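Subject: Structure for your review

Dear colleague,

Please find below the structure that I am handing over to you.

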Amino acid sequence: MFRRKALGMLLGMGCALALPPTAQAHDFRVGDLVIDHPYATPSIAGSSNGAAYLRGISNKGKNADRLIGASTPMAARVELHEMKMDGDIMRMREVPFIELPAGQEVQLRHGQSHHLMLLGLTQPLREGDRFDLTLQFEKAGEYKVKAWVQQPKRMPSEHSHQH
């Protein structure tokens, strides 16, 4: 009897270890698109705006798609933004979409050209918080992901994101 219980426990543990680590994963799949690690940076005290990012969106398909919008209960409005150098000045502007070429990955990381601007925050973004973020794609449709509020790893701890 003891052997049977012990064997059952070991088999159960082995099955649990063989399962994919869903609690550890922070990517989402919608059709041919893989959305990797949605996150936002903590907001500045007193600011009504924030920013959200994606480590990347991989288009595993044979057809291009576009990110055409986003929404969240955390903000009145979400805009797709692009940052570009204009002479010696970095300019940020809203764009109508972000291209997702077939077979490629597009990064929307902190410090790179594209991000999601959260306008009219309903509450401050605090490190460790999580919130729903709905992404709207031209072909793949809408998909809800969970964004985590965190400091970017490559950012020195004594500085906060001043977006």
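In this predicted model, E82 has a relative accessible area of 12%, and it counts as buried because that value is under 20%. The residue sits in strand β5, which covers residues 75-86. Leaving aside neighbours within four places in sequence, E82 is in contact with R91, M92, R93, V95, S113 and H114.

The side chains of E82 and R93 form a salt bridge, with N and O 2.8 Å apart. This pair links distant parts of the chain, since R93 belongs to strand β6 (residues 89-94), eleven residues away from E82. R93 is partly exposed, at 44% relative accessibility. In general, side chains of opposite charge can pair when their charged atoms come close.

How many salt bridges does the structure hold? There are six, and two further examples are described here.

- D132 and K146 form a salt bridge in which the closest N and O atoms are 2.9 Å apart. D132 lies in strand β10 and K146 in strand β11, so the pair ties together parts that are 14 residues apart in sequence. D132 is partly exposed at 25%, and K146 is partly exposed at 34%.
- R66 and E138 meet in a salt bridge of 3.7 Å, N to O. R66 is in strand β4 and E138 in the loop between β10 and β11, so parts that are 72 residues apart in sequence are tied together.

Finally, salt bridges with shared partners join R66, E99 and E138 into one network.

Yours sincerely,
A colleague

Methods: Residues are numbered from 1 along each chain as its sequence is written. This is a predicted model: local features need pLDDT of at least 70, side-chain atom pairs count only at pLDDT 80 or more; totals for chains, interfaces and linings use all residues. Side-chain values use heavy atoms; hydrogens and water are left out. Helices (H or I, at least four residues) and strands (E, at least two) are DSSP runs, numbered from the N terminus. Contact means heavy atoms within 4.5 Å. A salt bridge is a side-chain nitrogen of Lys or Arg within 4 Å of a carboxyl oxygen of Asp or Glu. Buried means under 20% relative accessible area, exposed over 50%, partly exposed in between (1.4 Å probe, protein chains only).
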